[in-house]
Amino acid sequence: MVYIIAYLTAHPGKGAEILSLATPLIEATRREAGCISYELYQKPADPDALVFVETWKDKAAVDAHFAEPHLKSFQVATADLLVEARIELVHPEKVEVL
């Protein structure tokens, strides 16, 4: 599996607008082959800070997701609403804690 954590920081007061724009993205993404889970969270203390937490079957599914029209549409629609977007890709290597 591959995990993605995507941090979005909206311009002040724009977090709710991004949440609204994310609804069709989330619905379409959850139907993609290889999508295991796709969740969007809003930080309670900062409504303009949003975090996507994603689980994918493999890197090929992630690559296919980044090419999807619904993701590209979301990126275009939110470009002027965001101060920052940062994506972390976590590969399946696990660390055992002893």
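The legends below walk through several close-up views of this predicted model. Residues are numbered from 1 along each chain as its sequence is written, and side-chain values use heavy atoms, with hydrogens and water left out. Because the model is predicted, local features need pLDDT of at least 70 and side-chain atom pairs count only at pLDDT 80 or more, while totals for chains, interfaces and linings use all residues.

**View 1. The largest nonpolar core has 21 residues.** A nonpolar core here is a set of buried Ala, Val, Leu, Ile, Met, Phe, Trp, Tyr and Cys residues joined through side-chain atoms within 4.5 Å. Buried means under 20% relative accessible area, exposed means over 50%, and partly exposed is in between (1.4 Å probe, protein chains only). Look for Leu-8, Ile-18, Tyr-38, Phe-52, Trp-56 and Phe-74, the members that touch the most others. Two or more core residues come from each of strand E1 (2-10), helix H1 (15-30), strand E2 (35-43), strand E3 (46-56), helix H2 (59-66) and helix H3 (69-78). E1 gives the largest share, five residues. Helices (H or I, at least four residues) and strands (E, at least two) are DSSP runs, numbered from the N terminus.

**View 2. Phe-52 and its contacts.** Contact means heavy atoms within 4.5 Å. Setting aside neighbours within four places in sequence, Phe-52 meets Ile-4, Ile-5, Ala-6, Leu-8, Ala-22, Leu-25, Ile-26, Tyr-38, Glu-39, Leu-40 and Phe-74.

**View 3. The largest pocket holds about 240 Å³ of space.** On a 1 Å grid over the protein atoms alone, a pocket is an open set of points where a 1.4 Å probe fits, with protein on both sides within 12 Å along at least five of seven lines; lining residues have an atom within 4 Å of a point. Grid points are joined across faces, edges and corners, and the volume is the space filled by probe spheres set on the points. Of the 16 lining residues, Leu-8, Leu-71, Phe-74, Gln-75 and Ile-87 are the closest to the centre of the pocket. At least two lining residues come from each of E1, E3, H2, H3 and strand E4 (82-90), and H3 supplies the largest share, four residues. The lining divides into twelve nonpolar, three polar and one charged. In this count, Ala, Val, Leu, Ile, Met, Phe, Trp, Tyr, Cys and Pro are nonpolar, Asp, Glu, Lys and Arg are charged, and the others, Gly among them, are polar.

**View 4. Helix H3 and its buried residues, Leu-71, Phe-74 and Thr-78.** These residues cover an arc of only 60 degrees around the axis, which puts them on the same side of H3. The arc is that of the directions from the helix axis to the C-beta atoms. An α-helix has 3.6 residues a turn, so residues three or four places apart point the same way. Pro-69 and Val-76 are exposed on the other side of H3. Among the elements covering the buried residues of H3 are E1, H1, E3, H2 and E4. His-70 also belongs to H3. Apart from neighbours within four places in sequence, His-70 is in contact with Leu-25, Ala-28, Thr-29 and Glu-32.

**View 5. Helix H2 and its buried residues, Ala-61, Val-62 and His-65.** Seen down the axis of H2, these buried residues fall within an arc of 100 degrees, so they line one face of the helix. Their cover includes E1, H1, E2, E3, H3 and E4.

**View 6. Val-90 in strand E4 and Pro-47 in strand E3.** Val-90 counts as partly exposed because its relative accessibility is 36%. Leaving out neighbours within four places in sequence, Val-90 is in contact with Val-2 and Tyr-3. Val-90 and Ile-5 are 85 residues apart in sequence and 8.0 Å apart, C-alpha to C-alpha. Pro-47 also counts as partly exposed, at 42% relative accessibility. Not counting residues up to four places away in sequence, Pro-47 touches Gly-15 and Gln-42. The C-alpha atoms of Pro-47 and Gly-15 are separated by 5.7 Å, and the two residues are 32 apart along the chain.

**View 7. Asp-80 in the loop between H3 and E4.** Asp-80 counts as exposed because its relative accessibility is 71%. The C-alpha atoms of Asp-80 and Arg-30 are separated by 25 Å.
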